[in-house]
Amino acid sequence: MTKAIHHDFSDIEVAARGPAPSSIVASSASSAGRPPIVSLLPAGLERPFWSVMIPIYNCREDYLRETLRSVLCQNPGVADMQIEVIDNCSTIGDPEAVVREMGGGRIEYHRQPTNVGIIENFNACINRARGQWVHILHGDDTVRSDFYGRARSGITAHPEVGAALCRTIYMDEDSQWTGLAELEGRTPGVLDGSFAERQLLDQRIQFVGIVVRRTTYEDLGGFRSSLPHCLDWDMWKRIALTKAVYYDPEPMACYRLHMAADSSRLVATGENVMEGRRSIEYSCAELPPEYAPLVRRAARKAAGVRALRRARQLWRNGQRAAAWRQFTEGMRCSLAPAVLARSAYFLLRTVVH
């Protein structure tokens, strides 16, 4: 049974109380469909504590080596950790050879017979996981020494939690650190309801920084097929709203930002903002009716502000077509004063200047 976590949403700033722009067609809960069912494991199966599942597709071999090395250096043994690479039918390089080279038989390798798409490959990570706790680790991200040790200590101290996360380090294509994620708390412990409120407005978690109890996925289902860009935001919102979450402020996970990432391609088309609006509707359909309008307005305003900030940066970088797409989609999110002010600033100071 999923335990509901109480949220009063009293801190959510409400803006643009008028109707949403007519160009926004609200998605219904039925159009979203139910998340796919996560298969239960057979009774009596010997299970490790961890399943480190590494989905890849045409991943750079040097990145994959770095990822695998970061896990293997804290390998507690087969009985305690499953490590598996799930290859979505790569057409470049030889990832199986890299796995053999790095793992020496310690790392399992599964190749999809055909390309099943990013979402189905991520759902395969969950369904193939045998461990009590699942870490979906992208083949270009890394974890720092003792990531799993610290996470396990927190989980053991708080057995009621359904997920655990740490602060994330951002790094560039050359593995140089470029920044830190915002703090969710200053001391290790279980986050209060305000975390779910923040997560409803913005994506605050990267895959590399969160581990999820397999039973959490079994309770909530897998990643939605209709959200290839926002699949993670949607999942983390569902978890934050229904499960207790442990947080460690120590930066232990490294997330790589680079232009080859799927998110970079979606930014160029504006699909990231369109999916963000859809994800907001899915979340609001699951909220109490007295809170859903407040969250919807606040989340759309936040999405519009993010899109317009991104538009300005893209314009400065010379990516003008992408900038206009972000601008257009941002204006479709909300007509809140904060969004309108940034749109005017973009037009007057960026384009005209």
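Reader: Where is leucine 41?
Author: Leucine 41 is in the loop between helix 1 (29–32) and strand 1 (50–56). Helices (H or I, at least four residues) and strands (E, at least two) are DSSP runs, numbered from the N terminus. Residues are numbered from 1 along each chain as its sequence is written. This is a predicted model, where local features need pLDDT of at least 70, side-chain atom pairs count only at pLDDT 80 or more, and totals for chains, interfaces and linings use all residues; side-chain values use heavy atoms, with hydrogens and water left out.

Reader: What is leucine 41 in contact with, beyond its neighbours within four places in sequence?
Author: Arg47, Ala129, Arg130 and Arg214. Contact means heavy atoms within 4.5 Å.

Reader: How many residues apart in sequence are leucine 41 and asparagine 127?
Author: They are 86 residues apart. In space, C-alpha to C-alpha, leucine 41 and asparagine 127 are 8.5 Å apart.

Reader: Zooming out, how many helices and strands are in the protein chain?
Author: It has 13 helices and 10 strands.

Reader: And what share of the chain's residues is buried?
Author: 51% of the 353 residues. Buried means under 20% relative accessible area, exposed over 50%, partly exposed in between (1.4 Å probe, protein chains only).

Reader: What about contacts with a separation of 6 or more?
Author: Of those, 81% are between residues 24 or more positions apart.

Reader: New topic. What is the phi of asparagine 58?
Author: It is near 50°, a positive value in a residue other than glycine. Asparagine 58 lies in the loop between strand 1 and helix 2 (61–72). Its relative accessible area is 23%, so asparagine 58 is partly exposed.

Reader: Is cysteine 89 buried or exposed?
Author: Cysteine 89 is buried, because its relative accessible area is 17%. Cysteine 89 is not a glycine, yet its phi is positive, about 60°. Look for cysteine 89 in the loop between strand 2 (81–87) and helix 3 (95–103).

Reader: Which residues does glutamine 112 touch?
Author: Cysteine 89 is one of them. Leaving aside neighbours within four places in sequence, glutamine 112 is also in contact with Ile86, Asp87, Asn88, Asn121 and Ala124. Glutamine 112 is in the loop between strand 3 (108–111) and helix 4 (118–128). With a relative accessible area of 9%, glutamine 112 is buried.

Reader: On to helices. At what angle do helix 6 and helix 8 cross?
Author: Roughly 160°, and the axes of helix 6 (residues 194–201) and helix 8 (residues 231–242) come within 9 Å. That makes the two roughly antiparallel. Axes are lines fitted to C-alpha atoms, for helices over the stretch in contact, and angles run from 0 to 180 degrees between N-to-C directions. Angles under 35 degrees count as roughly parallel, over 145 as roughly antiparallel, 65 to 115 as roughly perpendicular and the rest as oblique.

Reader: Which residues make the contact?
Author: Helix 6 brings Phe195, Ala196, Gln199, Leu200 and Leu201. Helix 8 brings Trp233, Trp236, Lys237, Ala240 and Leu241.

Reader: How far apart are the axes of helix 11 and helix 12?
Author: They are 8 Å apart, and helix 11 (residues 292–316) packs against helix 12 (residues 320–333) at about 165°. Helix 11 and helix 12 are therefore roughly antiparallel.

Reader: Which residues meet there?
Author: Among them are Ala303, Ala307 and Trp315 in helix 11, and Trp324, Phe327 and Met331 in helix 12.
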